[in-house]
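Take a look at the fold below. We will walk through it step by step, starting with a pair of helices.

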Amino acid sequence: MNFDFFTLGGAVFWEDVFFYQRWRIQRHCLTNTYRLLDSWDIRRASGSFEICQAAFIRYINSYEILKQQGKMIILLHGFADSKNIFKKLWRKFILTDSTVAALNYPSLFRNSDESAQQLLFFLNHIDNITEVSFVTKGMGNLVLQKALNAPDAQQEYANRIRIGNIVEINPVICGDTICDFLAQFKFFKYFNKTSLADMTEKNIKRQPNLPPNLNYLKIFSVSKLSHFFASVLKFYNFPVSESGFHHKNAIFIKGNTFFTLENEEILNKTFNFIKNGKI
(Lines give C-alpha, C1' and ligand atoms only; values in the text may rest on other atoms or scores of the structure.)
Protein backbone atom coordinates (compact mmCIF):
# COMPACT_ATOMS: atom_id res chain seq x y z
CA MET A 1 0.00 0.00 0.00
CA ASN A 2 1.28 3.46 -0.91
CA PHE A 3 0.94 6.37 1.48
CA ASP A 4 1.00 10.03 0.53
CA PHE A 5 3.99 11.81 2.07
CA PHE A 6 6.04 14.96 1.65
CA THR A 7 9.23 14.77 -0.42
CA LEU A 8 12.12 17.14 -1.10
CA GLY A 9 11.09 17.38 -4.76
CA GLY A 10 13.75 15.05 -6.16
CA ALA A 11 16.65 17.47 -6.53
CA VAL A 12 19.39 14.81 -6.76
CA PHE A 13 18.17 11.40 -7.96
CA TRP A 14 14.89 12.16 -9.74
CA GLU A 15 14.27 13.41 -13.29
CA ASP A 16 11.06 15.16 -14.34
CA VAL A 17 9.39 13.43 -17.28
CA PHE A 18 5.88 14.93 -17.13
CA PHE A 19 4.49 18.27 -15.94
CA TYR A 20 0.96 19.62 -15.69
CA GLN A 21 -0.03 22.63 -13.56
CA ARG A 22 2.90 22.05 -11.18
CA TRP A 23 2.07 18.35 -10.79
CA ARG A 24 4.93 16.22 -12.07
CA ILE A 25 5.86 12.63 -12.76
CA GLN A 26 9.47 11.82 -11.90
CA ARG A 27 11.71 8.87 -12.73
CA HIS A 28 14.47 7.71 -10.37
CA CYS A 29 17.80 7.74 -12.21
CA LEU A 30 19.07 4.55 -10.51
CA THR A 31 15.97 2.35 -10.15
CA ASN A 32 13.91 3.70 -13.10
CA THR A 33 10.80 3.71 -10.91
CA TYR A 34 8.28 6.54 -11.23
CA ARG A 35 6.32 8.66 -8.80
CA LEU A 36 3.63 11.33 -9.07
CA LEU A 37 4.13 14.53 -7.05
CA ASP A 38 1.47 17.17 -6.55
CA SER A 39 2.11 20.93 -6.56
CA TRP A 40 3.32 20.71 -2.93
CA ASP A 41 5.79 17.90 -3.71
CA ILE A 42 3.62 15.33 -1.93
CA ARG A 43 3.85 11.86 -3.48
CA ARG A 44 0.45 10.75 -4.72
CA ALA A 45 1.35 7.56 -6.61
CA SER A 46 4.34 5.40 -7.56
CA GLY A 47 5.19 2.51 -9.85
CA SER A 48 5.30 2.66 -13.65
CA PHE A 49 4.81 5.77 -15.76
CA GLU A 50 1.39 4.48 -16.84
CA ILE A 51 0.30 3.95 -13.21
CA CYS A 52 1.34 7.49 -12.27
CA GLN A 53 -0.30 8.94 -15.37
CA ALA A 54 -3.57 7.12 -14.64
CA ALA A 55 -3.47 8.34 -11.03
CA PHE A 56 -2.99 11.92 -12.21
CA ILE A 57 -6.01 11.65 -14.51
CA ARG A 58 -8.10 10.60 -11.51
CA TYR A 59 -6.81 13.57 -9.51
CA ILE A 60 -7.74 16.03 -12.29
CA ASN A 61 -11.40 15.77 -11.37
CA SER A 62 -11.14 15.28 -7.62
CA TYR A 63 -8.77 18.25 -7.20
CA GLU A 64 -10.35 20.30 -10.02
CA ILE A 65 -6.98 20.88 -11.69
CA LEU A 66 -7.27 23.64 -14.26
CA LYS A 67 -6.46 22.91 -17.88
CA GLN A 68 -3.07 24.19 -19.02
CA GLN A 69 -2.89 25.56 -22.52
CA GLY A 70 -1.07 27.98 -24.78
CA LYS A 71 2.58 28.67 -24.00
CA MET A 72 5.07 26.99 -21.68
CA ILE A 73 8.45 28.20 -20.41
CA ILE A 74 10.88 25.41 -19.48
CA LEU A 75 13.76 26.21 -17.11
CA LEU A 76 16.84 23.94 -17.23
CA HIS A 77 19.44 24.18 -14.46
CA GLY A 78 23.17 23.52 -14.73
CA PHE A 79 25.56 20.90 -13.39
CA ALA A 80 25.00 19.93 -9.72
CA ASP A 81 22.09 22.41 -9.48
CA SER A 82 18.36 21.85 -9.15
CA LYS A 83 15.19 23.62 -10.24
CA ASN A 84 15.31 25.62 -7.00
CA ILE A 85 17.90 28.02 -8.46
CA PHE A 86 15.12 29.50 -10.61
CA LYS A 87 12.88 30.65 -7.74
CA LYS A 88 13.27 34.39 -8.45
CA LEU A 89 12.90 33.97 -12.19
CA TRP A 90 9.94 31.64 -11.73
CA ARG A 91 8.15 34.33 -9.69
CA LYS A 92 8.50 36.73 -12.62
CA PHE A 93 7.30 34.28 -15.26
CA ILE A 94 4.36 33.02 -13.21
CA LEU A 95 2.74 36.46 -13.59
CA THR A 96 2.49 35.95 -17.36
CA ASP A 97 -0.06 33.84 -19.20
CA SER A 98 2.49 31.03 -19.69
CA THR A 99 2.83 27.74 -17.84
CA VAL A 100 6.25 27.68 -16.14
CA ALA A 101 8.03 24.35 -15.65
CA ALA A 102 11.36 24.30 -13.80
CA LEU A 103 12.74 20.81 -14.45
CA ASN A 104 15.03 18.63 -12.40
CA TYR A 105 17.52 16.34 -14.10
CA PRO A 106 20.19 14.30 -12.23
CA SER A 107 23.33 15.87 -13.69
CA LEU A 108 25.52 14.11 -11.12
CA PHE A 109 24.47 10.72 -12.48
CA ARG A 110 23.58 11.40 -16.11
CA ASN A 111 25.53 12.82 -19.06
CA SER A 112 24.03 15.44 -21.34
CA ASP A 113 22.97 12.84 -23.94
CA GLU A 114 20.87 11.00 -21.36
CA SER A 115 19.43 14.24 -20.01
CA ALA A 116 18.55 15.28 -23.58
CA GLN A 117 16.59 12.04 -23.93
CA GLN A 118 14.75 12.90 -20.70
CA LEU A 119 13.90 16.33 -22.12
CA LEU A 120 12.63 14.76 -25.34
CA PHE A 121 10.44 12.34 -23.37
CA PHE A 122 9.11 15.34 -21.43
CA LEU A 123 8.36 17.35 -24.59
CA ASN A 124 6.69 14.39 -26.28
CA HIS A 125 4.31 14.02 -23.32
CA ILE A 126 3.29 17.68 -22.96
CA ASP A 127 -0.47 18.18 -23.18
CA ASN A 128 -2.41 21.21 -24.47
CA ILE A 129 0.66 23.37 -25.15
CA THR A 130 1.30 25.01 -28.53
CA GLU A 131 4.60 26.86 -27.92
CA VAL A 132 7.60 26.19 -25.69
CA SER A 133 10.35 28.66 -24.76
CA PHE A 134 13.48 27.79 -22.79
CA VAL A 135 15.79 29.33 -20.22
CA THR A 136 18.98 27.39 -19.48
CA LYS A 137 21.65 27.95 -16.86
CA GLY A 138 25.21 26.64 -17.28
CA MET A 139 25.40 23.24 -18.94
CA GLY A 140 21.62 23.19 -19.36
CA ASN A 141 22.37 24.60 -22.82
CA LEU A 142 24.10 21.32 -23.78
CA VAL A 143 21.02 19.34 -22.81
CA LEU A 144 18.76 21.65 -24.82
CA GLN A 145 21.02 21.74 -27.88
CA LYS A 146 21.25 17.96 -28.06
CA ALA A 147 17.49 17.56 -27.62
CA LEU A 148 16.69 20.07 -30.39
CA ASN A 149 19.22 18.38 -32.69
CA ALA A 150 17.83 14.90 -32.13
CA PRO A 151 16.56 12.90 -35.15
CA ASP A 152 13.09 13.89 -36.32
CA ALA A 153 11.70 10.51 -35.26
CA GLN A 154 12.48 11.37 -31.62
CA GLN A 155 10.88 14.82 -31.81
CA GLU A 156 7.24 13.74 -31.82
CA TYR A 157 6.20 17.06 -30.25
CA ALA A 158 7.38 19.04 -33.30
CA ASN A 159 4.10 18.48 -35.18
CA ARG A 160 2.04 20.24 -32.50
CA ILE A 161 4.45 22.47 -30.57
CA ARG A 162 6.63 25.26 -31.94
CA ILE A 163 9.85 26.46 -30.32
CA GLY A 164 9.59 30.02 -29.04
CA ASN A 165 12.39 32.15 -27.61
CA ILE A 166 15.52 30.83 -25.88
CA VAL A 167 17.79 32.41 -23.28
CA GLU A 168 21.03 30.67 -22.30
CA ILE A 169 22.55 32.11 -19.10
CA ASN A 170 26.30 31.47 -18.87
CA PRO A 171 26.10 28.65 -21.42
CA VAL A 172 28.99 26.23 -21.72
CA ILE A 173 30.52 27.07 -25.12
CA CYS A 174 34.16 26.26 -24.37
CA GLY A 175 36.00 23.97 -22.01
CA ASP A 176 35.13 24.67 -18.39
CA THR A 177 38.15 25.63 -16.30
CA ILE A 178 37.13 23.53 -13.29
CA CYS A 179 36.42 20.45 -15.42
CA ASP A 180 39.75 20.70 -17.22
CA PHE A 181 41.44 21.09 -13.84
CA LEU A 182 39.73 17.97 -12.43
CA ALA A 183 40.55 16.00 -15.59
CA GLN A 184 44.18 15.95 -14.49
CA PHE A 185 43.38 13.59 -11.61
CA LYS A 186 42.74 9.85 -11.76
CA PHE A 187 39.52 10.02 -9.74
CA PHE A 188 38.03 12.07 -12.58
CA LYS A 189 37.46 8.78 -14.44
CA TYR A 190 34.50 8.25 -12.10
CA PHE A 191 32.80 11.25 -13.70
CA ASN A 192 33.41 10.20 -17.30
CA LYS A 193 29.81 9.01 -17.62
CA THR A 194 28.28 12.14 -16.09
CA SER A 195 27.67 15.67 -17.31
CA LEU A 196 30.96 16.84 -15.81
CA ALA A 197 32.95 15.10 -18.54
CA ASP A 198 30.85 16.82 -21.23
CA MET A 199 32.26 20.19 -20.19
CA THR A 200 35.95 19.52 -20.76
CA GLU A 201 37.62 21.35 -23.65
CA LYS A 202 38.03 18.08 -25.55
CA ASN A 203 34.36 17.13 -25.39
CA ILE A 204 32.76 20.55 -25.68
CA LYS A 205 33.99 20.84 -29.27
CA ARG A 206 31.77 17.89 -30.18
CA GLN A 207 28.60 19.51 -28.89
CA PRO A 208 26.04 20.70 -31.47
CA ASN A 209 24.87 24.30 -31.75
CA LEU A 210 21.25 25.37 -31.58
CA PRO A 211 19.40 24.66 -34.84
CA PRO A 212 19.35 27.63 -37.24
CA ASN A 213 16.43 30.07 -37.41
CA LEU A 214 15.73 29.94 -33.66
CA ASN A 215 15.48 33.21 -31.75
CA TYR A 216 17.95 33.03 -28.88
CA LEU A 217 20.04 35.17 -26.56
CA LYS A 218 23.18 34.21 -24.65
CA ILE A 219 23.82 36.10 -21.41
CA PHE A 220 27.27 35.99 -19.84
CA SER A 221 28.01 37.24 -16.35
CA VAL A 222 30.66 36.46 -13.76
CA SER A 223 29.13 36.21 -10.28
CA LYS A 224 31.12 37.01 -7.16
CA LEU A 225 31.32 33.28 -6.42
CA SER A 226 32.74 32.46 -9.87
CA HIS A 227 35.18 35.35 -9.59
CA PHE A 228 36.40 33.95 -6.26
CA PHE A 229 37.06 30.49 -7.73
CA ALA A 230 38.83 32.03 -10.72
CA SER A 231 41.07 34.02 -8.38
CA VAL A 232 41.99 30.85 -6.48
CA LEU A 233 42.91 29.03 -9.69
CA LYS A 234 44.99 31.97 -10.91
CA PHE A 235 46.81 32.00 -7.57
CA TYR A 236 47.90 28.43 -8.24
CA ASN A 237 48.96 29.37 -11.80
CA PHE A 238 46.16 27.37 -13.42
CA PRO A 239 45.05 29.00 -16.72
CA VAL A 240 41.57 30.49 -16.56
CA SER A 241 39.68 30.84 -19.84
CA GLU A 242 37.93 34.11 -20.59
CA SER A 243 34.16 34.35 -20.93
CA GLY A 244 32.84 33.90 -24.46
CA PHE A 245 30.45 36.83 -24.33
CA HIS A 246 31.60 38.07 -27.73
CA HIS A 247 29.67 35.18 -29.22
CA LYS A 248 26.90 35.96 -31.72
CA ASN A 249 23.57 36.96 -30.14
CA ALA A 250 25.26 37.44 -26.77
CA ILE A 251 25.48 40.17 -24.15
CA PHE A 252 27.65 40.58 -21.06
CA ILE A 253 26.17 41.78 -17.77
CA LYS A 254 28.40 42.86 -14.93
CA GLY A 255 28.16 40.52 -11.98
CA ASN A 256 27.14 42.29 -8.78
CA THR A 257 25.68 39.41 -6.76
CA PHE A 258 27.04 36.25 -5.16
CA PHE A 259 24.91 34.02 -7.43
CA THR A 260 24.11 34.71 -11.08
CA LEU A 261 20.36 34.24 -10.79
CA GLU A 262 20.11 36.81 -8.03
CA ASN A 263 21.18 39.56 -10.45
CA GLU A 264 18.06 41.61 -11.22
CA GLU A 265 19.43 42.86 -14.53
CA ILE A 266 19.94 39.28 -15.73
CA LEU A 267 16.45 38.32 -14.57
CA ASN A 268 14.86 41.32 -16.30
CA LYS A 269 16.76 40.79 -19.56
CA THR A 270 15.75 37.13 -19.54
CA PHE A 271 12.11 37.93 -18.80
CA ASN A 272 11.88 40.54 -21.56
CA PHE A 273 13.52 38.36 -24.19
CA ILE A 274 11.34 35.34 -23.47
CA LYS A 275 8.21 37.50 -23.47
CA ASN A 276 8.98 39.83 -26.41
CA GLY A 277 11.69 38.05 -28.41
CA LYS A 278 14.11 40.94 -28.08
CA ILE A 279 16.18 42.69 -25.41
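Helix 3 and helix 4 cross in a right-handed way. This is a predicted model. The two axes come within 8 Å of each other, and the crossing angle is roughly 65°. Which residues meet at this crossing? From helix 3 come Ser-112, Asp-113, Ser-115, Ala-116, Leu-119 and Leu-120. From helix 4 come Leu-142, Val-143, Leu-144, Lys-146 and Ala-147.

Now follow helix 3 by itself. Helix 3 runs over residues 112–124, 13 residues in total. From first C-alpha to last, helix 3 reaches 18 Å, close to the 18 Å expected at 1.5 Å a residue. Its N-terminal end has a cap, Asn-111. A side-chain oxygen of Asn-111 lies 3.1 Å from the backbone nitrogen of Asp-113.

Gln-118 is worth a stop. This residue sits in helix 3. Is Gln-118 buried or exposed? Its relative accessible area is 3%, and buried means under 20%, so Gln-118 counts as buried. What does Gln-118 contact beyond its neighbours within four places in sequence? The partners are Glu-15, Asp-16, Val-17, Arg-27, Asn-104, Tyr-105 and Pro-106.

Turn to helix 4, residues 140–148. Helix 4 is mostly covered, with 9 of its 9 residues buried. Among them are Gly-140, Gln-145, Lys-146 and Leu-148.

Next comes the interior. In soluble globular proteins, nonpolar side chains tend to be buried together. Here the largest nonpolar core has 34 residues. Which of them touch the most other members? They are Met-72, Ile-74, Leu-119, Ile-126, Val-132, Phe-134 and Ile-166. Helix 3 and helix 4 each supply at least two residues of this core. So do strand 6 (70–76), strand 7 (99–103), strand 8 (129–137) and strand 9 (162–169). Leaving out residues up to four places away in sequence, Met-72 touches residues including Phe-19, Ala-101, Phe-122, Ile-126 and Val-132. There is also a second, separate core of 19 residues, which includes Phe-86, Val-100, Leu-217 and Ile-219.

Finally, step back to the whole chain. The protein chain has 9 helices and 11 strands. Of its 279 residues, 51% are buried. Take the contacts between residues at least 6 apart in sequence: 73% of these join residues at least 24 apart.

Notes. Residues numbered from 1 in each chain as written. Predicted model: local features only at pLDDT ≥ 70, side-chain atom pairs only at ≥ 80, totals over all residues. Heavy atoms only, no water. Helix = DSSP H or I, 4+ residues; strand = E, 2+ residues; numbered from the N terminus. Expected span 1.5 Å × (residues − 1). Polar contact = N/O pair within 3.5 Å; in protein donor to acceptor, adjacent residues only side chain to side chain. Buried < 20%, exposed > 50% of the residue type's maximum accessible area, 1.4 Å probe, protein only. Contact = heavy atoms within 4.5 Å. Core = buried A, V, L, I, M, F, W, Y, C linked by side-chain atoms within 4.5 Å. Axes fitted to C-alpha atoms, helices over the stretch in contact; angles between N-to-C directions. Left-handed = near helix turned anticlockwise from the far one by under 90°.
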